[in-house]
Amino acid sequence: MASTPSPPWGEGRGEGGAGRLTPMAKTEPLVIPHPRATADLIGHGEAEAAILDAIAGGKLHHAWLLTGPRGIGKATLAYRFARYLFAHGLDGGPVDMFGAGPSSLDIAADDPLFKRIAAGGHPDLVTLEREENPRTKVLRDEIVIDQVRDLAGFFAMTPAEGGFRVAVIDAIDEMNRNAANALLKLLEEPPPRSVLILVAHAPGRLLPTIRSRCRRLALRPLGEADVAAILTRLAPAVPQEDIRGLCRLADGSPGRALALAAAGGLSHYRAIADLLVPVARRQGLDVKAVNELADRFAGREGGDLFRLTFELLGLYLVRLVRLAATGRIDEAMMGEGAGMRALAGAARLERWGEVWEKINALAARAEAVNLDRRQVLVAALGMIERCAR
């Protein structure tokens, strides 16, 4: 990659010319560790302190609801919580010479307990996530009731190691209604020495009776410096000049920053911004550039690119609406603000909000009923073009 990101209005395109879609950068595969194998947690000290206080005060709730946007560390906190319970139980952990207890839930990555949990080998810990449908061999869209029934059986057994039995549900808002009702029975009559840790990206979707039976910890998006620190540590191959842009697109979510880095997201975001340059200049879409992108939507890899494209297109529109509302933008790349301001000024704020909603609905429908990806892209960009006229 170049040492300086190329601006969408930049050199080589001519004052009146449209940008060309550039290939996504080829990078070494980025391996993102599972939260149960992640040792460190940055930026959520208050949540850890609340858990430690509950343990030290003998007021450990049987169910905890960890809420906040995707990718900010909720599942990582859940597994830190589980490791700490297995290591120390309710005794509060080691104290220092002044009688102070631990200040975090940290268990060293070289500890045998950490390694067992990272490998999924602890008999008293179970994780509920979306699973592969055994009939279709495709990942389900939701957590189903059979998984919760298995969880009830797990909690009915005596802890294998004499301490707690812990379940991490990632994520509770991905449960279907039947599974949620079955889980509610466990929450209403919790087995002894059991803890359920529920990860929720959208807690408003949950049954009120589930929310009311949990202690809630609301985690907030991280600051840019914290996201950059996590990205630098877990993805050292990402060029430093790209770190800031990925952090700006991630909007406080290190998980999203890592996913975008793994997918070449910053490069692709530039390409999408380039597609919208002639629209902002009232020159119309560059049909050739649109077709170059749509040609890459074929097959399974094309499906991944299609989803990434619409995620980033939606993100571009969110940033555009935010700019129109506040007059401010933290640029993810050089020149982004100039191009976005020109586009934002072409229509009222509420119209851009409507376009964002319609494109999101179109993308969801495309996935649900397998619409032609090329036509979906053309339709979405056409909405933007018409709004900008």
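The model is predicted, so to speak of local features a pLDDT of at least 70 is needed, side-chain atom pairs count only at pLDDT 80 or more, and totals for chains, interfaces and linings use all residues. Residues are numbered from 1 along each chain as its sequence is written, and side-chain values use heavy atoms, with hydrogens and water left out.

**Helices α12 and α13**

- Two packed helices are described by the angle between their axes and the distance between the axes.
- Helix α12 covers residues 299–326 and helix α13 residues 336–344; their axes come within 10 Å and cross at roughly 75°.
- Helices here are DSSP runs of H or I with at least four residues, numbered from the N terminus.
- Axes are lines fitted to C-alpha atoms, for helices over the stretch in contact, and angles run from 0 to 180 degrees between N-to-C directions.
- On the α12 side, the contact (heavy atoms within 4.5 Å) is made by Tyr316, Arg319, Leu320, Leu323 and Ala324.
- On the α13 side, the contact residues are Glu336, Gly337, Gly339, Met340, Arg341, Leu343 and Ala344.
- By type, the residues of this contact divide into seven nonpolar, two polar and three charged; Ala, Val, Leu, Ile, Met, Phe, Trp, Tyr, Cys and Pro count as nonpolar, Asp, Glu, Lys and Arg as charged, and the others, Gly among them, as polar.

**Salt bridges between helices**

- The structure holds 20 salt bridges (a side-chain nitrogen of Lys or Arg within 4 Å of a carboxyl oxygen of Asp or Glu).
- Arg319 pairs with Glu336 in a salt bridge whose closest N and O atoms are 2.9 Å apart.
- Arg319 lies in helix α12 and Glu336 in helix α13, so this pair ties together parts that are 17 residues apart in sequence.
- Both Arg319 and Glu336 are buried (under 20% relative accessible area; exposed is over 50%, and partly exposed in between, with a 1.4 Å probe and protein chains only).
- Arg248 forms a salt bridge with Glu224, with 2.8 Å between the closest N and O atoms.
- Because Arg248 lies in helix α8 (residues 240–250) and Glu224 in helix α7 (residues 224–234), the pair ties together parts 24 residues apart in sequence.
- Arg248 is buried at 17% relative accessible area, whereas Glu224 is partly exposed at 36%.

**Other salt bridges**

- Arg328 forms a salt bridge with Asp330, the closest N and O atoms lying 3.7 Å apart.
- Arg328 is exposed at 55% relative accessible area, and Asp330 is partly exposed at 40%.

Definitions and conventions. Helix = DSSP H or I, 4+ residues; strand = E, 2+ residues; numbered from the N terminus.
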